[in-house]
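Here is a friendly walk through one protein model, written for someone meeting it for the first time. Take a look at the picture before reading on.

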Amino acid sequence: MLTLYHCADARSFRCLWTLEELRLPYELKLLPFPPRWRQPDYLAQNPLGTIPLLVDGEVRMTESAAITQYLATRDGPTALSVAPGDPDYGAWLNWLHHGEATLTFPQTLVLRYRRLEPVERRLPQAADDYARWYQKRLEEGVARALADGRDWLCADRFTVADISVGYALLLASSLGLGGEFPPVVADYWARCQSRDGFRRAKQAQADAPPATG
Ligand SMILES: N[C@@H](CCC(=O)N[C@@H](CS)C(=O)NCC(=O)O)C(=O)O
């Protein structure tokens with residue numbers, strides 16, 4: 001059985017969305033955020049204290065983009081994966097990592113230094129700089145790629161690369177950065193949200209009882 005440790009709308013949402021798209025059976029452990037402080041016994045499971053953690057027998061994974069790739073390929077190729085040898089294999093891996101390393105990373109600095117830190121530790125200049133850094137990459141990366149009218153980022157279909165980038169758009173929306181989506185990105189984000197897998201994942205986290213310590 002696959003077990004996913006998750007906080008609502010945290011990066012582990014990528015994994016939950018993938019599980020629902022693939023309709024894999026799983027157990028969801030919903031933790032308060034940040035678990036490092038609010039559920040310290042979680043450190044016994046993941047000493048980093050971060051979310052996600054996926055447990056699959058002896059396999060333990062803590063990187064959300066890697067987990068989506070693992071789920072999409074662990075039992076063989078799926079519609080959400082792109083195989084080596086496919087002309088879009090490189091693009092697929094690139095978008096998969098772009099969602100986390102290029103888009104989500106600067107957003108988390110905005111989250112931390114605009115919202116999470118106590119007021120006296122906030123850094124408006126750093127938050128504004130990283131908001132612009134993220135916005136520029138969104139315009140020159142995702143928006144430019146979608147400008148040719150494609151629905152999804154690569155391989156002419158929805159894949160975990162779209163889940164990785166789609167999650168960055170979810171986070172941007174919750175940070176109040178969604179109003180600055182270029183129109184092609186706003187349309188793409190609407191397509192992501194209209195997927196049954198996305199809706200089921202949202203419902204699953206809403207229905208999950210909180211994990212007890
Ligand atoms: N690169 C990792 C980052 C994991 C990460 O930092 N997760 C955040 C939640 S979105 C977290 O657990 N923060 C709480 C903490 O660091 O204590 C991934 O993509 O999964």
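Is the crossing of α1 and α8 right-handed or left-handed? It is a right-handed crossing, where the term applies if the near helix is turned clockwise from the far one by less than a right angle, with anticlockwise counting as left-handed.

Some ground rules before we go on. This is a predicted model, where local features need pLDDT of at least 70, side-chain atom pairs count only at pLDDT 80 or more, and totals for chains, interfaces and linings use all residues. Residues are numbered from 1 along each chain as its sequence is written. The helices (H or I, at least four residues) and strands (E, at least two) are DSSP runs, numbered from the N terminus.

**Helix pairs**

Two packed helices are described by the angle between their axes and the distance between the axes. Here, axes are lines fitted to C-alpha atoms, for helices over the stretch in contact, and angles run from 0 to 180 degrees between N-to-C directions.

| Pair | Angle between axes | Axis distance |
|---|---|---|
| α1 (13–22) and α3 (64–73) | roughly 15 degrees | within 8 Å |
| α1 and α8 (196–207) | about 120 degrees | 8 Å |
| α4 (89–116) and α5 (124–146) | about 155 degrees | 8 Å |

To put words to those angles: under 35 degrees counts as roughly parallel, over 145 as roughly antiparallel, 65 to 115 as roughly perpendicular and the rest as oblique.

Start with α1 and α3, whose axes cross at roughly 15 degrees. That makes α1 roughly parallel to α3, and the crossing is right-handed. On the α1 side, the contact is made by Arg 14, Cys 15, Thr 18, Leu 19 and Leu 22, while α3 brings Ser 64, Ala 65, Ile 67, Thr 68, Leu 71 and Ala 72. (Two residues are in contact if their C-beta atoms, placed from the backbone, lie within 7 Å.) Sorted by class, these residues come out as 7 nonpolar, 3 polar and 1 charged. For the classes, Ala, Val, Leu, Ile, Met, Phe, Trp, Tyr, Cys and Pro count as nonpolar, Asp, Glu, Lys and Arg as charged, and the others, Gly among them, as polar.

Helix α1 also packs against α8, at about 120 degrees, so this pair is oblique. Here α1 uses Phe 13, Leu 16, Trp 17, Glu 20 and Glu 21, which meet Gly 197, Phe 198, Arg 200, Ala 201, Ala 204 and Gln 205 of α8. That contact holds 6 nonpolar, 2 polar and 3 charged residues.

Then there are α4 and α5, at about 155 degrees and therefore roughly antiparallel to each other. Their crossing is left-handed.

Now for the strands. There are 4 of them in an open sheet, ordered β2-β1-β3-β4, with mixed pairing; two strands pair if DSSP finds at least two bridges between them. The edges are β2 (26–30) and β4 (59–61), each pairing on one side only. From one strand to the next, the twist averages 15 degrees.

Strands β1 (residues 2–6) and β3 (residues 53–56) run antiparallel and are joined by 4 bridges, with Leu 4 opposite Leu 54 in β3. Helix α1 turns up again here: it packs on the sheet, touching β1, β2 and β3, and its direction makes about 145 degrees with that of β1.

On to β3 and β4, which are also antiparallel, with 3 bridges between them. Leu 54 has Met 61 as its bridge partner in β4. These two strands form a hairpin with 2 residues between them, and Gly 57 in the turn has a positive phi of about 65 degrees.

**Loops and ligand**

A cis peptide bond joins Phe 33 and Pro 34, with omega about -5 degrees; Pro 34 sits in the loop between β2 and α2 (35–38). Another cis bond runs from Ile 51 to Pro 52, with omega near 10 degrees, and Pro 52 is in the loop between α2 and β3. Arg 23, in the loop between α1 and β2, has a positive phi of about 55 degrees although it is not a glycine.

What surrounds the ligand? Its shell includes Ala 10, Arg 11, Pro 34, Ile 51, Pro 52, Ser 64, Ala 65 and Glu 100, where a residue counts as near if its C-beta atom, placed from the backbone, lies within 6 Å. The shell as a whole has 5 nonpolar, 3 polar and 4 charged residues.
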